[in-house]
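Me: I have a structure open and want to learn how to read it. Where do I start?

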Amino acid sequence: MKKRVFLTIILLSITISVSAQKKIEITELPKSAQEFLKKHFSHTSIEIAKKDAEHGEKGFEVKLKDGTEVEFWKDGSYREVDGGSNPIPTDFIADAVKAYVAKNYPNEKITHIDYGHKDLDVDLTNNIDLEFTKDGKILKDKKHR
C-alpha cells in the first residue's frame with residue numbers, strides 16, 4: 001500500500017513538472033522575445049522553446065543549439081541569459097555594467113546575466129559574481145565559492 005501511494009505521488013509530481021514546461025513553437029513567443037533572439041543570437045538556432053512558470057510569473061524559456069539558455073518575462077522582455085561557461089553577447093547589457101567589467105576585469109567576459117526583482121546578477125568567465133542595481137550601480141563584487 002505504501003509503495004502505491006509513493007508511486008502515485010512521484011507520478012503526480014512528474015506530471016505537474018512536465019505540464020509547467022509546455023513546449024511551444026517559436027512563433028508563440030512574444031514578438032519582442034522573437035526579435036531579441038534574432039538580433040542577439042542569430043549566430044545559433046533555437047533548440048527548444050517552452051512556457052515556464054517561475055517566481056510566480058508565467059514566462060518563457062528558450063534553449064539554443066550553442067547551449068545558451070534565455071528566459072523571458074511574459075511580456076517578452078528578457079529576464080536571464082545564461083551561456084554556461086561561454087561568453088554571451090553584450091549589446092543588450094547596460095553600458096554601466098559593461099564599463100565596470102571592462103575597467104575591473106579587462107580580460108574577462110560576461111557569461112550570465114539575471115534580472116531579479118530588485119537587482120542584477122552578472123557572472124564572468126573567471127567565476128566572479130557581480131551584483132548591480134537595476135540601473136547599473138555595483139552592489140557586490142565577490143568570487144564564487
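Me: Take strand 6. Which residue there is the bridge partner of D82?
Reply: H112 is the bridge partner of D82. Keep in mind that this is a predicted model.

Me: How many bridges link strand 6 and strand 7?
Reply: Strand 6 and strand 7 (residues 119-124) pair over 5 bridges, again in the antiparallel sense. One of the partners to find is V122 in strand 7, which pairs with I113. Now look at the link. Strand 6 and strand 7 form a hairpin, with 3 residues between them.

Me: How should I think about side chains on a strand?
Reply: In a regular strand, side chains alternate between the two faces of the sheet. Next, check how covered the strand is. In strand 6 (residues 110-115), 6 of 6 residues are buried.

Me: What does V122 touch, leaving aside its neighbours within four places in sequence?
Reply: V122 is in contact with V97, I110, H112, I113, I128, D129, L130 and F132.

Me: Which residues of the largest nonpolar core touch the most other members?
Reply: That core has 30 residues, and F72, V81, F92, I113, V122 and L130 touch the most other members.

Me: Now a helix. How do I read its sides?
Reply: Start with the geometry. An α-helix has 3.6 residues a turn, so residues three or four places apart point the same way. Now try helix 2 (residues 31-40). Its buried residues are A33, F36, L37 and H40. They lie on the same side of helix 2 because they cover an arc of only 95° around the axis.

Me: Which residues are exposed on the other side of helix 2?
Reply: K31, K38 and K39 are exposed there.

Me: And the whole protein? What is the order of its elements along the sequence?
Reply: Count first: there are 3 helices and 9 strands. Then read the order: α-β-α-β-β-β-β-α-β-β-β-β.

Me: What share of the protein is buried?
Reply: Buried residues make up 35% of the 145 residues.

Technical notes
Residues numbered from 1 in each chain as written. Predicted model: local features only at pLDDT ≥ 70, side-chain atom pairs only at ≥ 80, totals over all residues. Heavy atoms only, no water. Buried < 20%, exposed > 50% of the residue type's maximum accessible area, 1.4 Å probe, protein only. Helix = DSSP H or I, 4+ residues; strand = E, 2+ residues; numbered from the N terminus. Arc of directions from axis to C-beta. Pairing = 2+ DSSP bridges. Core = buried A, V, L, I, M, F, W, Y, C linked by side-chain atoms within 4.5 Å. Contact = heavy atoms within 4.5 Å.
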